[in-house]
Amino acid sequence: MDANRPLFIPVILGTARMGRMSLHVARVVTQEAGKRAGVETEHIDITRLPLPTNDAGEAIKDTGYSAKIDRADALIIVSPEYNHGYSGLLKHVLDSCLKEYIHKAVGIVGVSTGPFGGARAIQNLLPVMRELGLVTIFWDVNFSNVQKVFDNEGKLLDEAFIGRTEKFLKELIWMARTLRHGREHIPLDESA
Amino acid sequence: MMTATPATKMICPNCHVEMNHHCDKLMQATDSPQSTHQDEAVGGVLEEFHSCPNCGRGGSRPASD
């Protein structure tokens, strides 16, 4: 039994908009996750996934994305808030898989140019996460006024976000470990 | 009446060990009804999910199999 194998926690960048500030956020979060002992991570940019738009759901599953989610123990979704919601392309990508998400942890990082840090996009994502079989944590990271948080080169200007991301990652890693143990060792029906 | 859990264990194709059946989920596909596995009592296809205790690989199958 290899219970000590590293956790795999990819970071999904959930926007295709040109000039997206969420890219800087995703880089910081990926960097911080990669510093954690026993964690492997990878940046998944949804614009790089070759999904058609003339169909939807598992019918358009991308084998590369599917394999990464299947391997994952938890996900981090970096989502900007557009018109109080998350991006349509993010939903399109998320819907392309289902069984790969079951009983895995997810944490959401919200991004906005306004004061609420993507809180409304996060709230809208929560029921989607639940139906996909993902288990949400109670920590979010909210990058509000994101245009002031990074410089033009994408350098983080406010180190407070590192501490907030640490808290978020601790909770996510705990949940990922717990759910991995549950998936692999705790039967649904104890009498089976 | 809910579909009974099959007695047979899924076997991990990587490790050849018994996988852990950790959940059932109701799949409400709108585009592919998978009529042979539709369970009228629950209103969709009940799918079982299993994970390998050795490598972590996941697997699934219709609960009525």
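1. How do strand 6 and strand 8 of chain A pair, and over how many bridges? Strand 6 and strand 8 (residues 141–143) of chain A pair in the parallel sense, over 3 bridges. Within this pairing, Gly110(A) stands opposite Asn142(A) of strand 8 of chain A. The model is predicted, and the points below should be read with that in mind.

2. On confidence, the model has an ipTM of 0.84 and a pTM of 0.91. For chain B the average pLDDT is 80, and 72% of the residues score at least 70. Within chain B, confidence is highest in strand 1, at a mean of 93, and lowest in strand 2 (residues 38–39), at 71.

3. Next, the overall make-up of chain A. Chain A contains 5 helices and 8 strands. Read from the N terminus, the order of the elements is β-β-α-β-β-α-β-α-β-α-β-β-α.

4. On overall dimensions, chain A has a radius of gyration of 16 Å, which agrees with the value near 16 Å that a compact globule of 192 residues would have. Along the principal axes, the C-alpha atoms of chain A fill a box of roughly 55 × 40 × 25 Å. Of the 192 residues in chain A, 40% are buried. Among contacts in chain A with a separation of 6 or more, 83% are between residues 24 or more positions apart.

5. Strand 6 of chain A deserves a point of its own. For strand 6 of chain A, both faces are covered. One side carries Lys104(A), Val106(A), Ile108(A) and Gly110(A), and the other carries Ala105(A), Gly107(A), Val109(A) and Val111(A), all of them buried.

6. Strand 5, helix 3 and strand 6 of chain A form a right-handed β-α-β unit. Strand 6, helix 4 (residues 119–132) and strand 7 of chain A also form a right-handed β-α-β unit.

7. Two loop residues of chain A have a positive phi. Asn83(A) has a phi near 50°, although Asn83(A) is a residue other than glycine. Asn83(A) sits in the loop between strand 5 (74–80) and helix 3 (88–94) of chain A. Asn83(A) counts as exposed because there are 6 C-beta neighbours inside 10 Å. His103(A), likewise not a glycine, has a positive phi of about 60°. The loop that holds His103(A) runs between helix 3 and strand 6 (104–111) of chain A. Is His103(A) buried or exposed? His103(A) is buried, because 20 other C-beta atoms lie within 10 Å, and 20 is the cut-off for a buried residue.

8. The two chains touch each other. On the chain B side 17 residues are in contact with 19 residues of chain A. Strand 1 (20–27), strand 3 (44–51) and strand 4 (58–62) of chain B each supply at least two residues of this side. Strand 1 of chain B gives the most, with 6 residues. By class, the side of chain B that touches chain A has 5 nonpolar, 9 polar and 3 charged residues.

9. A last point concerns one residue of chain B. Arg61(B) is placed in strand 4 of chain B. Arg61(B) counts as partly exposed because there are 15 C-beta neighbours inside 10 Å. Apart from neighbours within four places in sequence, Arg61(B) is in contact with Met10(B) and Glu48(B). From C-alpha to C-alpha, Arg61(B) and Gln28(B) are 15 Å apart in space, and they are 33 residues apart in sequence.

Definitions and conventions. Residues are numbered from 1 along each chain as its sequence is written. Chains are lettered from A and ligands numbered from 1 in the order in which they are written. This is a predicted model: local features need pLDDT of at least 70, side-chain atom pairs count only at pLDDT 80 or more; totals for chains, interfaces and linings use all residues. Helices (H or I, at least four residues) and strands (E, at least two) are DSSP runs, numbered from the N terminus. The radius of gyration is taken over C-alpha atoms; the globule rule is 2.2 Å times the number of residues to the power 0.38. A residue is buried if 20 or more other C-beta atoms lie within 10 Å of its own, exposed if 12 or fewer, and partly exposed in between; C-beta atoms are placed from the backbone. Two residues are in contact if their C-beta atoms, placed from the backbone, lie within 7 Å. Ala, Val, Leu, Ile, Met, Phe, Trp, Tyr, Cys and Pro count as nonpolar, Asp, Glu, Lys and Arg as charged, and the others, Gly among them, as polar. A crossover is right-handed if, with the strands pointing away from the viewer, the path from the first strand over the helix to the second runs clockwise. Two strands pair if DSSP finds at least two bridges between them. pLDDT is the predictor's confidence in each residue, from 0 to 100.
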